[in-house]
Amino acid sequence: MLGRSEIFRAAAIVALVAVFIATLVAVNRRPPAPVVETSPTSKPASDDLSAELRRCSALGPQDAEDPHCVAVWEENRQRFFGRPARPLSPQTPPGAAAPATPSTGDAR
């Protein structure tokens, strides 16, 4: 038969294990993630870029010659590497002359 001191010792061990388990549960408890609600009417700015990327992809090899598509692909690269997004310039209508850009190699 167990003596009184052995019963108290077993109860103390059980109580310490219970406190240890409760502490572990409390420490590992994470707060719930905040819920971010977006309204269905608001469209993210990336939709404009996505639409332009799809349009330029549909052009095929011709998009390498289109200055607007070159700007769209550059913006996509910048967003991929974490740089802040800039608004895209309006597209030049087909058949209109693209604005001339000075070349950096011949500037003296």
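Let me start with what I call a helix: a DSSP run of H or I with at least four residues, while a strand is a run of E with at least two, and both are numbered from the N terminus. What you see here is a predicted model, where local features need pLDDT of at least 70, side-chain atom pairs count only at pLDDT 80 or more, and totals for chains, interfaces and linings use all residues. Residues are numbered from 1 along each chain as its sequence is written, and side-chain values use heavy atoms, with hydrogens and water left out.

Okay, the overall picture. The protein chain has three helices and zero strands, so from the N terminus the order reads α-α-α. Buried, for me, is under 20% relative accessible area, exposed is over 50%, and partly exposed is in between, with a 1.4 Å probe and protein chains only. By that count, 9% of the 108 residues are buried.

Now, helix H1, which covers residues 4-28 and contains Phe-20. Is Phe-20 buried or exposed? Phe-20 counts as exposed, because its relative accessibility is 52%. Phe-20 also belongs to a nonpolar surface patch with Ile-13, Val-17, Ile-21, Leu-24 and Val-25, and together they have about 560 Å² of accessible area. A patch takes residues with over 30% relative accessible area and no salt bridge, joining like charges within 9 Å and nonpolar side chains (Val, Leu, Ile, Met, Phe, Trp, Tyr) within 5 Å.

Next, the cysteines. Searching the whole structure turns up one disulfide, meaning a pair of cysteine sulfur atoms within 2.5 Å. Which residues form it? The partners are Cys-56 and Cys-69, with sulfur atoms 2.0 Å apart. This pair ties together distant parts of the chain, since Cys-56 is in helix H2 (residues 46-59) and Cys-69 is in helix H3, 13 residues apart. The torsion about their S-S bond is about -90°, so the disulfide is left-handed. Both Cys-56 and Cys-69 are buried.

On to charges. Side chains of opposite charge can pair when their charged atoms come close. I call it a salt bridge when a side-chain nitrogen of Lys or Arg is within 4 Å of a carboxyl oxygen of Asp or Glu. The structure has four of them. Glu-52, Arg-55 and Asp-66 are linked in a network of salt bridges. Within it, Arg-55 pairs with Glu-52, closest N and O atoms 3.4 Å apart; the two are three residues apart in helix H2, so about one helical turn separates them. Glu-52 is buried at 18% relative accessible area, whereas Arg-55 is partly exposed at 25%. Asp-66 also bridges to Arg-55, again with closest N and O atoms 3.4 Å apart. That one links distant parts of the chain: Asp-66 is in the loop between H2 and H3, and Arg-55 is in helix H2, 11 residues away.

Last stop, helix H3. Glu-74 and Arg-77 form a salt bridge there, closest N and O atoms 2.9 Å apart. Why about one helical turn between them? Because they are three residues apart in helix H3. Glu-74 is partly exposed at 31%, and Arg-77 is partly exposed at 40%. The buried residues in H3 are His-68, Cys-69, Val-72, Glu-75 and Gln-78. After H3 comes Gly-82, with a positive phi near 85°.

Technical notes:
Areas by Shrake-Rupley, 256 points an atom, 1.4 Å probe, with all protein chains shown as cover.
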